[in-house]
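This report describes selected parts of one protein chain. Please look at the sequence and the structure below before reading on.

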Amino acid sequence: MRILTWNINGVRTIPQYHPWNTLESHDAILDKLEADIICFQEMKSSRQTLPKSVALPPSYDSFFSFPLKKSGYSGVATYTRIATVTPVKAEEGITGLIQPKPPFTPEERVSRYENYPPQLMYNDELDYKHLDSEGRAVTVDFGLFVLINVYCPNDGTGTDERDKYKMDYHRVLSERVRGLQEEGREVIVLGDINACAAVIDHCEGNIMVARGKAAGMEDEDGFWERECRRWLRDWLQTKDGTGGPLIDIVRRFWPGRKGMYTCWNTKISARETNYGTRIDYILITPGLLPWIKAADVQQDVKGSDHCPVFVDFHDEITGQDGQVIKLRDVLGIKANSGGKKEPPRLAAKFWEEHSGKQTSLRSFFGKNKTVDQAAIASPTYQLSAPDQRNKPEARIEPDSLTLSPSSHEHTPPISQTPSLSVELPTPSPTQTSSDVSTVPQPLKRKITVEKYSSQSASKKAKPSEKKTDKKGKNDPGQAKLSSFFNKPNTPQSSSSSTLNKSSTSSQILEESIIDEDTFILYDAPVSSQASSTGTANGDEIKQVWNNLLAPVQPPNCIIHGEPAKEFTVNKPGPNKGKKFFICSRPVGPGWDRGKAERLREEVDLTYRCNFFRWSSDWRKQAKQMESRASISSAKHGR
């Protein structure tokens, strides 16, 4: 059996990646992960917006927790393969305060009432229900162990209020595990813990240690400045068996493995160089160690800014008494007398919208009224207008209109229903009204379309007339592309009516008020004949467009002298949508994040430098350079 955890960064995100976009259903996506218990974090959905195919995949039972207030934020999901295991109990959250309707009975609860955090911590200052209101955990009892699928708060905005929320949640989670252990239960805590457990789990861990030592700290204290890291470190059991109650099972299998990261900043393409952190874990109590066969991360699986982490169980083990214990005998609920295994009441299959208790909206708002079917079997609506007497009646089928309950009694004027638009057919010259026969129907309605006829008549295209100017002369139109940007003609002598190309370019450089894209239009080479006649041949026009649409060569970064890479601002704000250039090298430990965030002695020039330039500024500079070069060549050519 395999248990897998994955922060998917939105349930709608996965189908956008390969190979998930080749699969036809959410059930197929779950099958592709090849696990029996699948735990997702950051569903970023809600119960109201969750597609039925995601809520009820045919091969799995599902359990969800969504935020009570913030829709499309946080959220966790646990799927269990029906053919492998059926949970014994399940509940939302870690405090025991989030209850369905009706509330859980003591038999349905995972723990005894006194073993939940509010009764264990004796801290009246904590708002336990608020801590559990963001859809961050689902607790499922599998008999052999209790599994807590959790999405711990991240550092967020870095405010004191949010930092306090993060640490309060960590402490409540610790107490939940302690309460389960006091009941003699084995526990698995998995998911996105949003903290690093060791220096080796952070791509810049060694830099933090060195920075701390430079500031007078000892050993690794520079890395452990954050309280959340110290909490996770103290919660885990060390190699010698001392420390906290839980074992980092993946690190236990790979004790010295570097670069075993599970999360990357995709905005800076950090995954390409494995510049990341390990913040996704599977933590187990020591009693489950004999069952564990393997554990690892799946860095090659794409679809999110995180990667999956899994643990495999043996199918059977030999107990201390020498007896063979099969996993299927101690895992999950046993079948009832009818041979069926029903999941706990928290399962999505028991939601009202999926259980058949809640029917359609029509039945929700009232009973259907009996309608005389013979009266509306095939009604014909007759449209007439003063200027349409010789045209056949327009027939509208019943399915094309929606009638109100009182439509048989009263027909509103067409002016009151402007949404109805009917196009009347035009008969051929040889066709007369007698050629079209209509069958009398039980229901007919006369609809006056005079208003629409007048509107449509006013919109009919008039015969095209040749454009003339105010003096009655023919307008020659736009002779060339560059003339669109020229100033209007003013009366002047023929000697001053034409400007040469060099003087025009010089004026552009001096004024510097024309958009950079316009330089191409003014600098486009046009023959003297074309300039005088106002026309240009095909090659010249093609050259103008080629210059206009040609991509601007990127600038070189200052440090490496290599072509920069262009990006677009996606963050909401005044610069959203603007393009910019930065160094094209990948990020890595010691990459230059700027003097404000990176000490100069920590910079590693192997990776990205801090080169930055707005694309608009560079385009303007590039066009100005091109114009200067053109003017210079023109002067030297005289």
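Leaving aside its neighbours within four places in sequence, which residues is Ser174 in contact with? Ser174 is in contact with Trp231 and Trp235, where contact means heavy atoms within 4.5 Å. This is a predicted model, in which local features need pLDDT of at least 70 and side-chain atom pairs count only at pLDDT 80 or more, while totals for chains, interfaces and linings use all residues. Residues are numbered from 1 along each chain as its sequence is written, and side-chain values use heavy atoms, with hydrogens and water left out.

Ser174 belongs to helix 5. Helices (H or I, at least four residues) and strands (E, at least two) are DSSP runs, numbered from the N terminus. With a relative accessible area of 16%, Ser174 is buried; buried means under 20% relative accessible area, exposed over 50%, and partly exposed in between (1.4 Å probe, protein chains only).

Helix 7 covers residues 227-235, and its buried residues are Cys228, Arg229, Trp231, Leu232 and Trp235. Seen down the axis of helix 7, these buried residues fall within an arc of 160°, so they line one face of the helix. The arc is that of the directions from the helix axis to the C-beta atoms. An α-helix has 3.6 residues a turn, so residues three or four places apart point the same way.

The cover over the buried residues of helix 7 includes helix 5 (160-182), strand 8 (187-192), helix 6 (205-214) and strand 12 (280-284). In helix 6, Gly205, Ile207, Val209 and Gly212 are buried. Just after helix 6 comes Gly216, with a positive phi of about 100°.

**The annotated positions**

UniProt, in an unreviewed entry, places the feature "binding site" at Asn7, Glu42, Asp192, Asn194, Asp305 and His306. They span 300 residues in sequence, yet no two of their C-alpha atoms are more than 13.1 Å apart, so they gather at one spot. UniProt positions are given in the numbering used here, feature names are shortened, and annotations may be inferred rather than shown by experiment.

Asp192 is in strand 8. The side chain of Asp192 makes a polar contact with the side chain of Asn7, at 2.8 Å. A polar contact is a pair of N or O atoms within 3.5 Å; within protein, one must be able to donate a hydrogen and the other to accept it, and residues adjacent in sequence count only if both atoms are side-chain atoms. His306 lies in the loop between strand 13 (292-297) and strand 14 (309-313). Leaving aside neighbours within four places in sequence, the contacts of His306 include Trp6, Asn7 and Asp192.

**Aromatic rings**

Rings of Phe, Tyr and Trp (its six-membered ring) pair if their centres lie within 6.5 Å; planes under 30 degrees apart count as stacked, over 60 as edge-to-face and the rest as tilted. There are 16 aromatic pairs by this rule. The rings of Phe64 and Tyr79 have centres 5.8 Å apart and planes at 90°, so this pair is edge-to-face. Phe64 is in strand 3 (residues 60-65) and Tyr79 in strand 4 (residues 76-81), 15 residues apart. Ring pairs also link a cluster, including Trp6, Phe64, Tyr79 and Trp351.

| Residue | Relative accessible area |
|---|---|
| Phe64 | 5% |
| Tyr79 | 0% |
| Asp192 | 2% |
| His306 | 3% |
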